[in-house]
Amino acid sequence: YVVLDPVGAVPIFVITADPPGSSNAGLYLERAISVADEGRAFTVTALDGRAFSALSQEQFGTPGALIVLGTSTLDRKGREMVAAFLRDGGRVLLTLGPDIDLATLSDTVGTQVDVDPQITQTTSRTVTLIATDGRHPIFRPFSSPTGALGDVYMEQYRRLNDQSGRTVLARFSGAGSALTEQSVERGRLLLFA
C-alpha cells in the first residue's frame, strides 16, 4: 500500500483560565502533544476562556478533542460550546485544578460532576498515579518502563466522589480515583483529579 495523501494533523484546543504566555498554564501540555509523530499528529491551539468563548463556529470547526485546564474565564457561550461538543460526540479531557470553576462545571460539560470542592495537599512524596486499566489508549505512551507513571508524585488533587457511569482508569496510591471516563450523550469525558 502507498499512502498518497497522508492524514492531516488532528486539531486540539487547550482551554486555560489565563491567556497563553501570561503563565505556564497549558505550555507543557501543548509541548508534550506537539511532539507526537514528530510534530505531525496534532495541531494544538491554546486559548484562554475569553478567547475560546469568542470563537465563531467556523473558527471552532470540528476539533479532535478539547483539553480543559481552566473554566473560570469561560462565559455562557463558551460553556455551551464545550457542552454541545461533548453532547454531539466530542472528546474532552478536564483537569480539576484550581482554575476550574466548580459552580459552573456541570453547565460546562453538560452533566453532573460530583467532586469534592476542597483541594487536597499531599505530604511529601506519598501519592503516585496507578493505572487500573493499562489497556486504555490514553496509557499507550506510558507502556514502556521509561514511561512509568508511578514515578510521578502528586502534590495536590481533588477527590472525585463515586458516581454511576464513571469508569476508573487510574487511582492515586491510597487516595481514590485519579482519572475517570464517562459518557456524556454521544461524547466521552475524561476527568483528571
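Let me start with a term. Partly exposed means a relative accessible area between the buried limit, under 20%, and the exposed limit, over 50%. Keep that in mind. And note that this is a predicted model.

Now the salt bridge. The structure holds 1. Its partners are Glu181 and Arg188, with the closest N and O atoms 3.5 Å apart. Are these two buried or exposed? Glu181 has 14% relative accessibility, so Glu181 counts as buried. Arg188 has 32%, so Arg188 counts as partly exposed.

Next, the strands. Thr180 stands opposite Leu191 in E10. Together E9 and E10 form a hairpin, with 2 residues between them. Look at Glu185 in the turn: its phi is positive, about 50 degrees.

E10, residues 187–192, has another neighbour to show you. Strand E4, residues 91–95, is joined to E10 by 5 bridges. Here the strands run parallel. Thr95 has Phe192 in E10 as its bridge partner.

Last stop, helix H4. H4 takes in residues 76–87, 12 residues in total. From first C-alpha to last, H4 reaches 16 Å, close to the 16 Å expected at 1.5 Å a residue. What caps the N-terminal end? Asp75 does, with a side-chain oxygen 3.0 Å from the backbone nitrogen of Lys77. Several residues of H4 are buried, among them Met81, Val82, Phe85 and Leu86. An α-helix has 3.6 residues a turn, so residues three or four places apart point the same way. Just after H4 comes Gly89, with a positive phi of about 110 degrees.

Note on methods:
Residues are numbered from 1 along each chain as its sequence is written. This is a predicted model: local features need pLDDT of at least 70, side-chain atom pairs count only at pLDDT 80 or more; totals for chains, interfaces and linings use all residues. Side-chain values use heavy atoms; hydrogens and water are left out. A salt bridge is a side-chain nitrogen of Lys or Arg within 4 Å of a carboxyl oxygen of Asp or Glu. Buried means under 20% relative accessible area, exposed over 50%, partly exposed in between (1.4 Å probe, protein chains only). Two strands pair if DSSP finds at least two bridges between them. Helices (H or I, at least four residues) and strands (E, at least two) are DSSP runs, numbered from the N terminus. The expected span of a helix is 1.5 Å times one less than its number of residues. A polar contact is a pair of N or O atoms within 3.5 Å; within protein, one must be able to donate a hydrogen and the other to accept it, and residues adjacent in sequence count only if both atoms are side-chain atoms.
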